[in-house]
Amino acid sequence: MKNIKKVSCFGAGYVGGPTMAVFASKHPQIQFTIYDIDKQQIEKWQQSETLPVFESGLSLLLEETRNKNLSFTCDINQALDDVDIIFLAVNTPIKQSLSKKESYCFDIKYIEACTRSIAEYFDQKKLNKIITLVEKSTVPVLTSKHIYEILQENQNFFQKIIIFNQIISFILKQYFIYRYIQKQNIYGVLFINIRSAINDLLNPERVIIGGGNSPEEQNSTNMLKELYEKWVNKDKIILTNIVSSELSKLVSNSFLAQRVSSINSITALCEATGANIEEVKKCIASDSRIGSKFLNCSVGFGGSCFKKDVLGLAYICESRGLTEVADYWKQVVKMNEYQKQRFSKLIIEKMYNNLDNKIITIFGVSYKKNTNDVRDSASITVAVELLKEGAVLHIYDPLAKFDSMKKEMQRQEIYNDCYDARIKFFEDGESASINSHAIIILTEWEDFKQCKYERMFKKMKRPSFIFDGRNLLNREEIEQIGYAYIKLG
Ligand code: NAD
């Protein structure tokens, strides 16, 4: 790695921070700088007590690397000065939700803003070195072309540009999309997308690199391979072409989302027929062609990627006239919305169609366990449906906080001022459940399995309901305590 001395990352979010921390720990001889326009975000990363992202193992990695070969800054000059590789890990939200106008392309305004500031910086500097720009952000296929145009227009000294693309996928959860644009050994741009937990970053299931065959492109491939081979086994690195790698990112997540929607659709059928989803699951999982992974039913998938990537895939299909293919994929998201609404309705109906001023305890706001990420969390949709019926929510989540929940409701335009007084967060499940009519489990945190349901039952209203949106608890044990237990399927 003697050619790489400094790597910078635009975007100190869920992706940029953990990714750079892992890189920094693996390459102590390289300087890593994380840049963000949000000053508060940068300040949070500088203190162990205020980290904006929770990932198991992240604090340890930061202790090892922060102020040694990993730094955080709001100063673009500090980020770009003498840099060899730039990662773009800024947000690329969906422009509009599916429910509104069915418009769902990614908003790449932040990508464009980064590209322009990078182009401006290097145009002024007229550096005589190769710089690689990596895009980790999720972008529509062929965004590289737009970025290329912006760079080309701004970089007058470029004569020839080679596009190179890479996706790195870790345990089907993480990937990089990476493009490399190089100009006569003067300048290079590399783009990447990644989504990861530290463990997944450290132990990737596979790494996919998409690129071309020219000697320059192969040089870039080798450089990246070398970067990852420091801890990723060679056999796990798959090489492919640009468009295939770009699409693979969207397709991987879409297949996973489809699997969740498939099993969730069957929960509705089980409830309607008297079959048991756990039995059905056991039977189908024993077929090795289907397997048991990603077969847990739930109140619906969430997170910043699944919905966005499925809709992004549908958008590409539609824009190429493949309406039937687009409709097929859109149905995956529709099924997910249906599941959230179906579960909310079930709660309301079972509670006698009256939630007016009833206290309801919600277990879990984050979209999955072990994270404070609440983006597109199914829990928030259910919570809002209950609030609309007049419920008062007592919430317990080991990591997620009211501020992020409120921000997400506002982002989705489902927030109402009166909710502030109707939502209260608690430090533990037991305090949250006092005087509740029901407990609703919406995230699969291990903590929720360990709660003292017997003790909690004594301080709840009767009848006391548990609605298990993750099928986490043991029906017999819970019913023996006296709860009315309702689960999916
Ligand atoms: P995030 O919202 O947590 O972080 C993005 C950061 O970028 C923010 O802190 C924001 O202030 C910063 N930013 C915006 N414009 C900027 C600019 N011009 N210069 C510098 N910083 C800027 O987002 P995230 O979850 O880290 O995701 C980043 C991208 O990676 C998205 O496109 C996402 O789809 C993709 N991705 C995310 C995941 C995931 O799990 N979060 C997984 C794979 C891919």
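An open sheet of six strands runs in the order β13-β12-β11-β14-β15-β16, with parallel pairing.

Trainee: Which strands stand at the edges of that one?

Mentor: β13 (423-426) and β16 (484-487). Each has a single partner strand, so one side of each is left without a neighbour in the sheet. This is a predicted model, by the way.

Trainee: How far are neighbouring strands turned against each other?

Mentor: By 20° on average in this sheet, direction ignored.

Trainee: What joins β13 to β12?

Mentor: Four bridges, in the parallel sense, with β12 covering residues 392-396.

Trainee: New topic, S464. Where is it?

Mentor: S464 is in the loop between α17 (453-458) and β15 (465-468).

Trainee: Buried or exposed?

Mentor: Buried. The cut-off is 20 or more other C-beta atoms within 10 Å, and S464 counts as buried because it has 21.

Trainee: Which residues does S464 touch?

Mentor: Leaving out residues up to four places away in sequence, S464 touches F457, G482, Y483 and A484. There is also H437, which is 27 residues from S464 in sequence, with 5.4 Å between their C-alpha atoms.

Trainee: How is the chain divided into domains?

Mentor: Into domain 1 (6-240) and domain 2 (254-487). Their contact takes 13 residues from domain 1 and 15 residues from domain 2.

Trainee: What kinds of residues are on the domain 1 side?

Mentor: The side of domain 1 that touches domain 2 has ten nonpolar residues, two polar and one charged.

Trainee: Back to sheets. What is the strand order in the open sheet of five strands?

Mentor: β3-β2-β1-β4-β5, with parallel pairing. The edges are β3 (70-73) and β5 (132-135). Each of these has a single partner strand, so one side of each is left without a neighbour in the sheet. Neighbouring strands of this sheet are turned by 20° against each other on average, direction ignored.

Trainee: How many bridges join β2 to β3?

Mentor: Four, and the two strands run parallel. β2 covers residues 31-35. For Y35, the bridge partner in β3 is T73.

Trainee: Which way do the β5 residues point?

Mentor: T132 and V134 point one way from β5, while L133 and E135 point the other way. All are buried, E135 included.

Trainee: Which strands does α1 lie across?

Mentor: Helix α1 (residues 16-26) lies across β1 (6-10), β2, β3 and β4 (85-88). Its direction is at about 170° to β2.

Trainee: What is the mean pLDDT of the chain?

Mentor: The mean is 85, and 86% of the residues reach 70 or more. For the complex, the predictor gives an ipTM of 0.97 and a pTM of 0.84.

Trainee: Where does pLDDT stay under 50?

Mentor: Over residues 156-196. The model has 173 contacts beyond four places in sequence for that stretch.

Trainee: What should I do with coordinates where pLDDT is low?

Mentor: Where pLDDT is low, the predicted coordinates should not be read in detail.

Definitions and conventions:
Residues are numbered from 1 along each chain as its sequence is written. This is a predicted model: local features need pLDDT of at least 70, side-chain atom pairs count only at pLDDT 80 or more; totals for chains, interfaces and linings use all residues. A residue is buried if 20 or more other C-beta atoms lie within 10 Å of its own, exposed if 12 or fewer, and partly exposed in between; C-beta atoms are placed from the backbone. Two residues are in contact if their C-beta atoms, placed from the backbone, lie within 7 Å. Two strands pair if DSSP finds at least two bridges between them. Axes are lines fitted to C-alpha atoms, for helices over the stretch in contact, and angles run from 0 to 180 degrees between N-to-C directions. Domain bounds come from an automatic or database domain assignment. Ala, Val, Leu, Ile, Met, Phe, Trp, Tyr, Cys and Pro count as nonpolar, Asp, Glu, Lys and Arg as charged, and the others, Gly among them, as polar. pLDDT is the predictor's confidence in each residue, from 0 to 100.
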